[in-house]
Amino acid sequence: MTTPSGDFELTVDELRLVVLYVLESAEEVLPVFEETDPGDPRPRAALDAAREFVNGARRTKLQRITSSAAHRAAREATTEAARLAARAAADAASAAYLHPLAKATQVGHILRAAACAARVGELNAGDDVAVGLRLIEKSRQRATPVLLDVLHRYPPAPTGKSRTAQLMTVLDTSLRMMPRHVAG
């Protein structure tokens, strides 16, 4: 099964592997949000919805609704680290609806959660950029050949001014330089 028409083909199986990659990044930093806002279930619900899709469930409104709710939780978070953790969770759920459109903005659905997790690491280490770069390298090493193949269907990530956007660009550039058959 493929996604609705676009600029290229994107299968549901490929989407599941992309969502798994995003989910793994988001799960690493969810505790940061939950420590700050222990009574707010929205980011965890987004991760649960993403996990359901990864495990074979159909894409439904659940991923969209929980993604939107986790984005609201991010806007309401009281610290930057908690905001980034909730945003990563939202990205995990929304990655199930990655569009097969050759637009650089779509790359954020694939890589932003890893960049958010790296930035959380930096913040937790007193703004140590070396920590962020090590976490970006860890994310690069988790990339599978399927993830690289999907990523190469899109233009490079747009450059941005925020540290998270910079980390996403570093990850995108490093992934695009990897031979696709060596990933993982």
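The structure described here is a predicted model. When neighbours within four places in sequence are left aside, Leu111 is in contact with Tyr21, Leu151, Met168, Leu171, Asp172 and Leu175.

Two helix pairs were then considered. Helix H3 (residues 61-76) packs with helix H4 (residues 80-94) at an angle of about 170 degrees, and their axes are 8 Å apart. Because angles over 145 degrees count as roughly antiparallel, H3 is described as roughly antiparallel to H4. The crossing of these two helices, H3 and H4, is left-handed. On the H3 side, the contact is made by Gln63, Thr66, Ser67, Ala70, His71, Ala73 and Ala74. On the H4 side, the contributing residues are Arg83, Ala86, Arg87, Ala89, Ala90, Asp91, Ala93 and Ser94. By class, the residues of the contact between H3 and H4 comprise 7 nonpolar, 5 polar and 3 charged.

In the second pair, H6 and H8 pack at an angle of about 40 degrees, with their axes 10 Å apart. The two helices, H6 and H8, are therefore oblique to each other. Their crossing, that of H6 and H8, is right-handed. From H6, the residues Val129, Gly132, Leu133, Ile136, Ser139 and Arg140 meet Arg163, Leu167, Val170, Leu171, Ser174 and Leu175 of H8. The contact of H6 with H8 contains 7 nonpolar, 3 polar and 2 charged residues.

Ala165 lies in helix H8. This residue, Ala165, has a relative accessibility of 16% and so counts as buried, given that buried means under 20%. Between Ala165 and Ala49 there are 116 residues of separation in sequence and 25 Å in space, C-alpha to C-alpha. Asp127, by contrast, is placed in the loop between H5 and helix H6 (129-142). The relative accessibility of Asp127 is 44%, and Asp127 therefore counts as partly exposed. The phi angle of Asp127 is near 70 degrees, a positive value in a residue other than glycine.

Methods:
Residues numbered from 1 in each chain as written. Predicted model: local features only at pLDDT ≥ 70, side-chain atom pairs only at ≥ 80, totals over all residues. Heavy atoms only, no water. Axes fitted to C-alpha atoms, helices over the stretch in contact; angles between N-to-C directions. Helix = DSSP H or I, 4+ residues; strand = E, 2+ residues; numbered from the N terminus. Parallel < 35°, antiparallel > 145°, perpendicular 65-115°, else oblique. Left-handed = near helix turned anticlockwise from the far one by under 90°. Contact = heavy atoms within 4.5 Å. Nonpolar A, V, L, I, M, F, W, Y, C, P; charged D, E, K, R; others polar. Buried < 20%, exposed > 50% of the residue type's maximum accessible area, 1.4 Å probe, protein only.
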